[in-house]
Amino acid sequence: MRRSEFLRAVDEEFGGRASSLVSDLVLTGIGRTAQEALDEGVPPQEIWLALCADTDVPPSRRYGAGRQEPRR
């Protein structure tokens, strides 16, 4: 998962709350906010999974979220 895919996934899943979740919620499994983790080089997929776990996103919506459709 790339950073852009992470940001797209957060926006698609959380809508208007996306920005505040990324900047304000300290993720249990990572010990810092998603934004801090991104800035420190933590892999976006690891951050996405931690965010999903902390916000009770169902497993069916976790894997591959935010990925662009393959080019045709």
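Q: How do I read the accessible surface of the chain, and what does it come to here?
A: Accessible areas come from the Shrake-Rupley method, which uses a 1.4 Å probe; for residues, only the protein chains shown count as cover. In this chain the accessible surface comes to about 4700 Å², and 46% of that belongs to carbon and sulfur atoms. Please keep in mind that this is a predicted model, where local features need pLDDT of at least 70 and side-chain atom pairs count only at pLDDT 80 or more, while totals for chains, interfaces and linings use all residues. Residues are numbered from 1 along each chain as its sequence is written, and side-chain values use heavy atoms, with hydrogens and water left out.

Q: What does the chain average in pLDDT, and where is confidence lowest or highest?
A: pLDDT is the predictor's confidence in each residue, on a scale from 0 to 100. The chain averages 88, and 88% of the residues score at least 70. Confidence is lowest in α1, with a mean of 92, and highest in α3, at 97.

Q: What share of the residues counts as buried?
A: A residue is buried when its relative accessible area is under 20%, exposed when it is over 50%, and partly exposed in between (1.4 Å probe, protein chains only). Of the 72 residues in the chain, 33% count as buried.

Q: Which residues of the largest nonpolar core touch the most other members?
A: In soluble globular proteins, nonpolar side chains tend to be buried together. A nonpolar core is a set of buried Ala, Val, Leu, Ile, Met, Phe, Trp, Tyr and Cys residues joined through side-chain atoms within 4.5 Å. The largest one here has 19 residues, and those touching the most other members are F6, V10, F14, L27, I30, I47 and W48. Helices α1 (3–14), α2 (18–24), α3 (34–39) and α4 (44–54) each supply at least two residues of this core. The largest share, 5 residues, comes from α4.

Q: Which residues of α4 are buried, and what covers them?
A: The buried residues in α4 are P44, I47, W48, A50, L51 and C52. Their cover includes α1 and α3. When you look at spacing in a helix, remember that an α-helix has 3.6 residues a turn, so residues three or four places apart point the same way.

Q: How do I read contacts, and what does T33 touch?
A: Contact means heavy atoms within 4.5 Å. T33 lies in the loop between α2 and α3 and is buried, with a relative accessible area of 6%. Not counting residues up to four places away in sequence, T33 touches V22, S23, D24, L25 and V26. For the chain, among contacts between residues at least 6 apart in sequence, 53% join residues at least 24 apart.

Q: How many salt bridges does a search of the whole structure find?
A: A salt bridge is a side-chain nitrogen of Lys or Arg within 4 Å of a carboxyl oxygen of Asp or Glu. The search finds 3. In one of them, R3 pairs with D39, the closest N and O atoms being 3.6 Å apart. R3 lies in helix α1 and D39 in helix α3, so the pair ties together parts that are 36 residues apart in sequence. R3 is partly exposed, at 39% relative accessible area, while D39 is exposed, at 55%. Another joins the side chains of R32 and E40 (2.7 Å, N to O); R32 counts as partly exposed at 25% relative accessibility, and E40 as exposed at 54%.

Q: Which parts of the chain does the salt bridge of E13 with R61 link?
A: In this bridge the closest N and O atoms are 2.7 Å apart. It links distant parts of the chain, with E13 in helix α1 and R61 in the segment after α4, 48 residues apart. Their C-alpha atoms are separated by 8.4 Å. E13 is partly exposed, at 23% relative accessibility, and R61 is partly exposed, at 42%. Not counting residues up to four places away in sequence, R61 touches E13 and W48.

Technical notes
Helix = DSSP H or I, 4+ residues; strand = E, 2+ residues; numbered from the N terminus.
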